[in-house]
Amino acid sequence: MVDTEVMAYALRAMTEEDIPQVKVIDRDAFPTMWPPPAFKRELKNNNLAYYLVAWDTDRGHEEWTMETGIAAETSDGASEAPRSRMAGVVRRFLRRPEDEAFEPTEELLVGYLGIWTVLEEGHVVSVGVRNSHRGLGIGELLFIGSIEQSLLLSCTRMTLEVRVSNEVAQNLYKKYDFRITGRRKGYYTDDGEDAFIMSVEGIDTPPYRELLTELRSKHSERWGVSVRQYD
Ligand SMILES: CC(C)(COP(=O)(O)OP(=O)(O)OC[C@H]1O[C@@H](n2cnc3c(N)ncnc32)[C@H](O)[C@@H]1OP(=O)(O)O)[C@@H](O)C(=O)NCCC(=O)NCCS
């Protein structure tokens, strides 16, 4: 059990102001996948999409940057490769409306997760945690959030795709009773790796709600009680 009974990280719905940091987290989590998802379009125009962020309730982004010396645009201190002039030209050419300037959040965001809900199915499209914050229960917190949000939206089942080599993520999903139900050949566009389809049925049933309650309590005992806001 951690010192404090309240987890230092909380969940809330993603807003446009979160996008710059979410892009950093996305690059950490999926370094070979470029460009990042069109988060602004997802938030504004996709009625099926719902995005969550995990944020540090103790320290703001600037304070963390000063304390750790980690540059604002990276999360693990790794220096970015110098960008070529051509890369700049390409980036400007591909610039999307979501790149317009607005006031970014001052909170320190440490992870994000996206789901699309179609009829009774919640589909986890993406989940990532900053390199610097892995192994602290944040990925699991986000995943609990995706299940709770799917239940709030009356879903009865959940699915996702995961790289066949990504055992860390598969372990997390298996913990929440997701099972491998299929395989998509060459699913990932960067290197042609296959994806496992993982699914869980009956998330609204008493046995699954019992499992969820048990896993949430264990998470709270280990990491502290988390604040989770879904509006
Ligand atoms: C997958 C990811 C989100 C997990 O986040 P995290 O905050 O580090 O994970 P947590 O600390 O909450 O751990 C939750 C569970 O994940 C699994 N897990 C986490 N780290 C692990 C590791 N190093 N080895 C094996 N399993 C691990 C375990 O099942 C763990 O539960 P446990 O502690 O009871 O064993 C994170 O590693 C990440 O962002 N990876 C890169 C992006 C990615 O692969 N996303 C998934 C795409 S489908």
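1. In this predicted model, contacts between residues 24 or more positions apart make up 75% of the contacts in the chain with a separation of 6 or more. Of the 231 residues of the chain, 30% count as buried.

2. The chain contains 7 helices and 7 strands, and, read from the N terminus on, its elements follow one another as β-α-α-β-α-α-β-β-α-β-α-β-β-α.

3. The 7 strands come together in an open sheet whose order is E1-E2-E3-E4-E5-E7-E6, with mixed pairing. Because strand E1 (9-13) and strand E6 (179-184) each have a single partner strand, they stand at the edges, and one side of each is left without a neighbour in the sheet. From one strand to the next, the twist averages 30 degrees.

4. Which residue in E2 is the bridge partner of Tyr9? That partner is Asp56.

5. Turning to the packing of a helix on this sheet, helix H1 (residues 19-29) touches E2 as well as strand E3 (107-118) and strand E4 (121-129). The direction of H1 makes about 80 degrees with that of E3. E2, E3 and E4, the strands touched by H1, follow one another in the sheet order E1-E2-E3-E4-E5-E7-E6.

Notes
Residues are numbered from 1 along each chain as its sequence is written. This is a predicted model: local features need pLDDT of at least 70, side-chain atom pairs count only at pLDDT 80 or more; totals for chains, interfaces and linings use all residues. Two strands pair if DSSP finds at least two bridges between them. Helices (H or I, at least four residues) and strands (E, at least two) are DSSP runs, numbered from the N terminus. Axes are lines fitted to C-alpha atoms, for helices over the stretch in contact, and angles run from 0 to 180 degrees between N-to-C directions. Two residues are in contact if their C-beta atoms, placed from the backbone, lie within 7 Å. A residue is buried if 20 or more other C-beta atoms lie within 10 Å of its own, exposed if 12 or fewer, and partly exposed in between; C-beta atoms are placed from the backbone.
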